[in-house]
Amino acid sequence: MLILFDVIDLTSLEETYEALRTFDVLGIEKKPDVTATACRLVSETVGSSSSTLKDLFYVLKANSIVKCKINDKAYQGIITRLNAAVDGASSLPDFYYSVGGLLLVKGSKGDVHLADADGTFRSVKAFRQSDGRWRFSSNSPESSAFAAGIALETLAGVVSLASPELDQSLISTLNSDISKLFDSIEKYDDGALYFDDKLVDGHDHQGPLATTSSVVRGLTAFAAVTDERLNIPSNKILGLANFFLGIGVPGDAKDLFNQIDSLACLESNRQCFALAVLMVSIPLILSLPSTVLSVTKEDSLQVNVNTVLGSNAPPLTVKLVGVFTSGSKAASLVESQELVFDDGTGMYNLNNLPKSIDVGSYTFVFEIVLHEPEHEKIYVTGGQKRVPIFASGLIKIENAEIAVLDSDLGSIETQKKLDLAGQNAVSLSANHLQKLRVSFKLTTPHGLAFKPHQALLKLRHESKVEHIFVVGNSGKQFEIVLNFLGLVEKFFYLSGRYDIELAVGDAVMENSLLRAIGHIELDLPEPPEKATRPPPQPVDPYSRYGPKAEITHIFRAPEKRPPKELSLAFLGLTFLPLLGFLIG
């Protein structure tokens, strides 16, 4: 949340409101300096005659949260400016800011109305397109779902400001437009639904999160002013909720606001334009604290059912309808049964997993049943919910052995037991006429055969050349036999020591292992002239920064010199002329 506190220090009224709104929905107490900064921006904007229509709109939105004091004279000036803006509006944003501003003033001062609500309503509807999308202006060739959300929110404001009330038939015509808009909704593989605009002009592209958020705000605002239930399937409302919940925590303050504000609109009528719960159903989200259950530890199955912002759900029953093996079309492994509600934790529990559930991956199918019939008009559960579950456990590893076999008769020459749960230091020797056999047995906690994702045997030569083999299985028994006579070329005729490693692993195997078994000394024949040589081993890129080899420089032997006495004699002769010069 620190990113939002940084936003408060900016001069942007839009960003200030978005941060305050996010704080308000999440129940984060605003710091005194945050409120003071917001009130200063409110005072400066209201008192300035150069404030734009957008500035007035967002300053009124921010003030609806921080409740700064604005005198009646300032309110009258704002109302006058906004009414004039409605009369002169020529684009959808102009109507959005002016009508929205008047609606916010009405929420604070009460008696505020539009002089020509019917004409304003029809002017906004002029931007409507046949596919349910809307244009931002009559000069804009492109229509978008983002503009549709703004338009629905604006029309909801016009209806609220109308006096006398608008004809309900005029409002009802928009129901078909909303249905057409939802025909263009897009879907992820997990069932999440979202809106996205494919505009040519990248400057106007808002992205799926902003576009979907705009539609949800407009949808819930319009639902509050219509007497008819919107013709939107409940599973699409649930799909929108799953979209906002599935994106995680955005790293951008704008995206976080769009996510939180949209969830608040779907959550409660107290959060967004007095949402009419009878017009737009509130999604109930079924989730599991953990989708990995240990068969060995006898973990219990726990299920949460809450609204999108974590509020308590109404009285209901959670049923486990069926359990299916992943990727199989076989019948359910269990019969339908109800989960037990725990008042202490607020979760629905199944304390003991059915005996038919062993280690593996499954698909659990849940169903939510509301206790009160009238709640079915308020909440949407989305029917049956399929959740992938992994049942993990400790796999029993038994009868592990390693042996050297005679190539001709297959008789055992050397055989040793392996403790794959502990340490091993097996030392073996063999030649190219013999075989190496490694075998072991894997069983689940319920005694059934277990086939892991991988069972690999690795032999690594002392020159770092590695060879990896897949260990095959027949039921519970895993076995691999290496015939060295047929592997001499693959081993590049390299005799010497080979370290042996065994790797057995699976996502649901709690005791996956990578174990060094020991080593084997192989005596292979000499390579022929045209035999394939072992590939060069990769060079460590960081070795270039290691210590370099010491450089030893050999100097030339010095030349032989004359005796010392002869050198001194010649030195004396060079000084004789100088001595004669001095005497002369």
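# Questions on a predicted model

Q: At which residues does UniProt place the feature "domain: Ribophorin II third"?
A: UniProt positions are given in the numbering used here, with shortened feature names, and its annotations may be inferred rather than shown by experiment. The record for this feature is an unreviewed entry, and it gives residues 398-522.

Q: What pLDDT do local features need in this model?
A: Residues are numbered from 1 along each chain as its sequence is written, and side-chain values use heavy atoms, with hydrogens and water left out. The model is predicted, so totals for chains, interfaces and linings use all residues, side-chain atom pairs count only at pLDDT 80 or more, and local features need pLDDT of at least 70.

Q: How much of residues 398-522 is strand?
A: Helices (H or I, at least four residues) and strands (E, at least two) are DSSP runs, numbered from the N terminus. The end C-alpha atoms of this span are 27 Å apart.

Q: How far apart are the centres of domain 1 and domain 4?
A: An automatic or database domain assignment supplies the bounds. It divides the chain into domain 1 (11-107), domain 2 (113-280), domain 3 (284-392) and domain 4 (396-523). Taken over C-alpha atoms, the centres of domain 1 and domain 4 are separated by 74 Å.

Q: Which residues form the disulfide?
A: A disulfide is a pair of cysteine sulfur atoms within 2.5 Å, and the structure holds one. The sulfur atoms in question are 1.9 Å apart and belong to Cys 39 and Cys 68.

Q: How many residues apart in sequence are the parts that the Cys 39 and Cys 68 pair ties together?
A: Cys 39 sits in helix α3 (residues 32-46), whereas Cys 68 is in the loop between α4 (53-66) and α5 (72-88). The pair therefore ties together parts whose separation in sequence is 29 residues.

Q: Is the disulfide of Cys 39 and Cys 68 left-handed or right-handed?
A: Look at the torsion about the S-S bond, which is about -85 degrees. That value is why the disulfide of Cys 39 and Cys 68 is left-handed.

Q: Is Cys 68 buried or exposed?
A: Buried means under 20% relative accessible area, exposed over 50%, and partly exposed in between (1.4 Å probe, protein chains only). Cys 68 has 11% relative accessibility, so it counts as buried.

Q: At which residue does the kink in α14 lie?
A: The bend at a residue is the angle between axes fitted to the seven residues ending there and the seven starting there. In α14 the kink is about 30 degrees and comes shortly before the proline Pro 577, at Leu 576.

Q: How many of the 20 residues of α14 are buried?
A: This helix is hardly covered. Its count of buried residues is zero.

Q: Which residues is Val 369 in contact with, leaving aside neighbours within four places in sequence?
A: Val 369 is in strand β13 (residues 360-370) and is partly exposed at 31% relative accessible area. Contact means heavy atoms within 4.5 Å. By that rule, Val 369 touches Leu 316, Thr 317 and Lys 319.

Q: What is the phi of Phe 492?
A: Phe 492 is found in the loop between β23 (477-483) and β24 (496-505), and it is buried, with a relative accessible area of 15%. Although Phe 492 is not a glycine, its phi is positive, at about 55 degrees.
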